[in-house]
Amino acid sequence: MKRIFYLCCIGIFLFLVSACDEKKEKSILIDLDQSFDTKEIKLSELADDIRCIPLETNGNFLLPDNNTMYWVSDKYIISISDKDIRQFSSEGKFIRKLANAGKGPDEYSSILSYTVDENKDILYYGHQRDWNHIFAINLKDGQPMGAINTRCLPRHMQIVKGNILCFPYNYRNEVNCDAILITPQGHIIDSIPSAPKPAQEGSRIITPSMGLVVNNEDDIFVHRNDSLLHFSFNGLTPVIAFRYTDKFDPESHLEGVQWDVLFKNKNYAAIQKKVIAMKKTESMIMVNSTSDMTLFIDLEDFRPIKISGFTIDPLEEKYDKFPPFKLTGKKLVRKMSAFDLKELARTKRENGETLPPVLQQLDEQLTEESNPVLIIGNLK
């Protein structure tokens with residue numbers, strides 16, 4: 001099949017990939033069972049152009065604070081909840097409602113994956129009631145554009161030069177692939193077949209299938225099984241392999257560990273440890289996942305580093321560990337409730353601290369019932 005595009009690693013990954021070729025594609029091995037160095041880090045070390053954007057509050061359109069997901073671009077902010085999908089401007093002004101949850105035409109049930117083509121202003125999403133299609137909405141006028149036959153439901157989606165890169169769930173997957181590249185009309189351009197599970201002792205699968213780490217059109221990295229890989233439709237070049245002891249045994253204690261790669265910038269790859277607990281009943285197996293620890297892999301010497309302190313610069317807010325940030329497109333995003341922001345301002349005043357200008361402005365602008373504020377930074 002004709003190669004559609006070429007992807008090149010940059011910086012140190014150019015060296016690593018060439019080194020992998022010379023060593024028959026052996027990757028850098030990182031042992032996650034060891035003790036770790038610690039470091040304090042600031043958001044400004046991971047992202048630049050950091051902004052705090054309050055979403056416009058309308059009494060009829062209060063956002064559910066706990067389970068709402070967000071896509072952020074230079075043009076729009078999209079909120080996706082179990083009730084509806086809404087479109088805001090990049091400054092947080094409400095534009096329109098795009099879709100509702102429900103069982104009717106153009107309605108959805110539990111959105112599981114989504115992405116935005118920022119050049120064409122199209123939102124793509126997949127939901128739990130339909131495992132064979134994804135759906136499109138025109139962000140210029142808010143009109144639905146119909147269903148796209150993918151023959152799978154992606155767990156991750158990403159736009160690559162106008163096409164849609166899909167990473168399917170490993171069940172109900174008719175294409176039997178770890179990744180497919182499709183056109184907006186649903187034609188498969190290329191694919192990567194499902195990989196066998198790793199058999200090495202002392203390591204376990206990080207995720208049940210492939211997942212995207214970062215894409216900037218020229219530089220795509222994914223994680224599959226226990227490795228971080230450079231992605232090309234010519235094949236997968238190993239970059240980093242993670243080794244750790246899982247001790248997962250579904251017939252005994254029903255607990256295990258997995259590591260998820262959150263994002264990568266020019267200095268660090270962030271990975272998160274999750275503890276998986278399973279409970280068997282006569283009719284089903286219930287799975288619960290809780291975040292336990294976040295490590296940063298220093299991409300200069302590949303040392304795992306445990307974050308001992310983290311500061312969100314504009315708010316001068318300090319944490320003992322890395323707070324949750326989500327990578328949407330090329331931006332790091334964290335949601336904060338208006339209540340938590342006002343509590344932060346109150347605590348600083350009670351401690352005799354001078355409020356940073358951004359926090360002072362938000363404290364004056366918001367009430368405790370206001371819609372959330374998004375902390376947004378461009379991933380370096």
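Strands here are DSSP runs (E) of at least two residues, and helices are DSSP runs (H or I) of at least four, each kind numbered from the N terminus. This is a predicted model, so a word on the ground rules: local features need pLDDT of at least 70, side-chain atom pairs count only at pLDDT 80 or more, and totals for chains, interfaces and linings use all residues. Residues are numbered from 1 along each chain as its sequence is written, and side-chain values use heavy atoms, with hydrogens and water left out.

**View 1. Asp 49 and Arg 151, two residues with positive phi.**
Asp 49 sits in strand 3 (residues 47-54). Its phi is near 50 degrees, a positive value in a residue other than glycine. At 52% relative accessibility, Asp 49 counts as exposed; the cut-offs are under 20% relative accessible area for buried, over 50% for exposed and anything in between for partly exposed, with a 1.4 Å probe and protein chains only. Now look for Arg 151, in the loop between strand 11 (144-149) and strand 12 (154-160). Arg 151 isn't a glycine either, yet its phi is positive, about 60 degrees. With a relative accessible area of 24%, Arg 151 is partly exposed.

**View 2. The open sheet of strands 8-9-10-11.**
Here four strands line up in that order, with antiparallel pairing; two strands pair if DSSP finds at least two bridges between them. Strand 8 (111-117) and strand 11 are the edge strands, each pairing on one side only. From one strand to the next, the twist averages 25 degrees, taken between N-to-C directions of axes fitted to C-alpha atoms, on a scale from 0 to 180 degrees. Zoom in on strands 10 and 11, which run antiparallel and are joined by five bridges. Ile 134 has Ile 148 in strand 11 as its bridge partner.

**View 3. Tyr 125 and Phe 135, a stacked pair of rings.**
The structure holds ten aromatic pairs. Their ring centres are 5.8 Å apart and their planes at 25 degrees in the case of Tyr 125 and Phe 135, so this pair is stacked. The rule: rings of Phe, Tyr and Trp (its six-membered ring) pair if their centres lie within 6.5 Å, and planes under 30 degrees apart count as stacked, over 60 as edge-to-face and the rest as tilted. Tyr 125 belongs to strand 9 (residues 122-127) and Phe 135 to strand 10 (residues 133-138), so the pair ties together parts ten residues apart in sequence. Both are tucked away: Tyr 125 is buried at 4% relative accessibility, and Phe 135 is buried with a relative accessible area of 18%.

**View 4. Phe 310 and Phe 322, an edge-to-face pair.**
These two rings have their centres 5.1 Å apart and their planes at 90 degrees, so the pair is edge-to-face. Phe 310 comes from strand 23 (residues 304-312), while Phe 322 comes from the loop between strand 24 and strand 25 (326-328), twelve residues apart. Phe 310 counts as buried at 1% relative accessibility, and so does Phe 322 at 9%. Both also belong to a cluster linked by ring pairs, together with Phe 263, Tyr 268, Phe 296 and Phe 325.

**View 5. Strand 23 and its partners, strands 2 and 24.**
Strand 23 is mostly covered, with seven of its nine residues buried. Strand 2 (residues 37-42) pairs with strand 23 in the parallel sense over six bridges, and Glu 40 stands opposite Gly 309. Strand 24 runs antiparallel to strand 23, with three bridges joining them; there, Thr 311 stands opposite Lys 318. The hairpin of strands 23 and 24 has four residues between the strands, and Glu 316 in this hairpin takes a positive phi near 50 degrees.

**View 6. Helix 2 and its buried side.**
The buried residues of helix 2 are Ala 338, Leu 341, Lys 342, Leu 344, Ala 345 and Lys 348. They cover an arc of only 150 degrees around the axis, which puts them on the same side of the helix; the arc is that of the directions from the helix axis to the C-beta atoms. What covers them includes strand 24 (317-319), strand 26 (331-336), helix 3 (357-365) and strand 27 (373-379), where contact means heavy atoms within 4.5 Å. Gly 352 follows helix 2, and its phi is positive, near 75 degrees.
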